[in-house]
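Q: Hey, can you walk me through this one? I'm new to it.

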Amino acid sequence: EKRKLYDTFGRSGMAQMEQYGVGGAAAQMMEHPFAIRALAFVAWFALSLLLTFVSLYVVKVDAPKSWSWTAVFTPIWIFSVFIIPIGAFIVMSGAKTRRFDQLFTGIGVILFVVVC
């Protein structure tokens with residue numbers, strides 16, 4: 001297992017694995033580079049939607065446009081459509097494994113989206 005990690009990530013990856021331990025979420029993500037890319041894409045997508053919303057909101061408030069508020073809030077709704085299933089997946093996996101920290105994290109994600 002260590003040889004595979006060394007072949008994939010080199011010395012710096014091995015140093016991080018020794019520093020933070022071989023087990024755990026960080027080690028599992030390092031073993032699967034696709035998970036790191038997927039997480040980076042989700043973060044980029046969420047930030048781009050939020051920045052689009054802020055830009056539309058500023059333009060709507062600052063200059064009298066004929067846009068409806070529905071068009072302004074569309075990026076937030078798109079963000080919610082993607083985040084709520086992720087939160088539900090976290091809740092279900094936390095309930096399945098009886099990990100309450102994961103369960104409460106998923107509930108927090110869902111409540112954050114619903115409240116906002």
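Predicted model: local features only at pLDDT ≥ 70, side-chain atom pairs only at ≥ 80, totals over all residues.

Q: OK, which residues of helix 5 are buried?

A: Leu103, Gly106 and Val113. Down the axis of helix 5, the buried residues fall within an arc of 100°, so they line one face of the helix. That arc is taken from the directions from the helix axis to the C-beta atoms.

Q: What do they pack against?

A: Helix 4 (69–97) is what the buried residues of helix 5 pack against. A contact is heavy atoms within 4.5 Å.

Q: And how far apart are the end C-alpha atoms of helix 5?

A: They are 22 Å apart, which agrees with the 22 Å that its 16 residues (100–115) should span at 1.5 Å a residue. The expected span is 1.5 Å times one less than the number of residues.

Q: Zooming out, how many helices and strands are there?

A: Five helices and zero strands, so the pattern along the sequence reads α-α-α-α-α. Helices (H or I, at least four residues) and strands (E, at least two) are DSSP runs, numbered from the N terminus.

Q: How much of the chain is buried?

A: Buried residues make up 21% of the 116 residues. The chain exposes about 8700 Å², with carbon and sulfur atoms supplying 69% of it. Those areas come from the Shrake-Rupley method with a 1.4 Å probe; for residues, only the protein chains shown count as cover.

Q: Back to helix 4. Is Ser80 buried or exposed?

A: Ser80, which is in helix 4, is buried, with a relative accessible area of 14%. Leaving out residues up to four places away in sequence, Ser80 touches Pro85 and Val113.

Q: New topic: which residues make the nonpolar surface patch?

A: Val54, Tyr57, Val58, Val61 and Trp69 make a patch of about 460 Å². Helix 3 (residues 33–62) gives the most to it, with four residues.

Q: What about Thr52?

A: Thr52 is in helix 3 too, and at 37% relative accessibility Thr52 counts as partly exposed. Thr52 and Ile76 are 24 residues apart in sequence and 9.1 Å apart in space, C-alpha to C-alpha.

Terms used. Residues numbered from 1 in each chain as written. Heavy atoms only, no water. Patch = residues over 30% accessible without salt bridge, like charges linked within 9 Å, V, L, I, M, F, W, Y side chains within 5 Å. Salt bridge = Lys/Arg side-chain N within 4 Å of Asp/Glu carboxyl O. Buried < 20%, exposed > 50% of the residue type's maximum accessible area, 1.4 Å probe, protein only.
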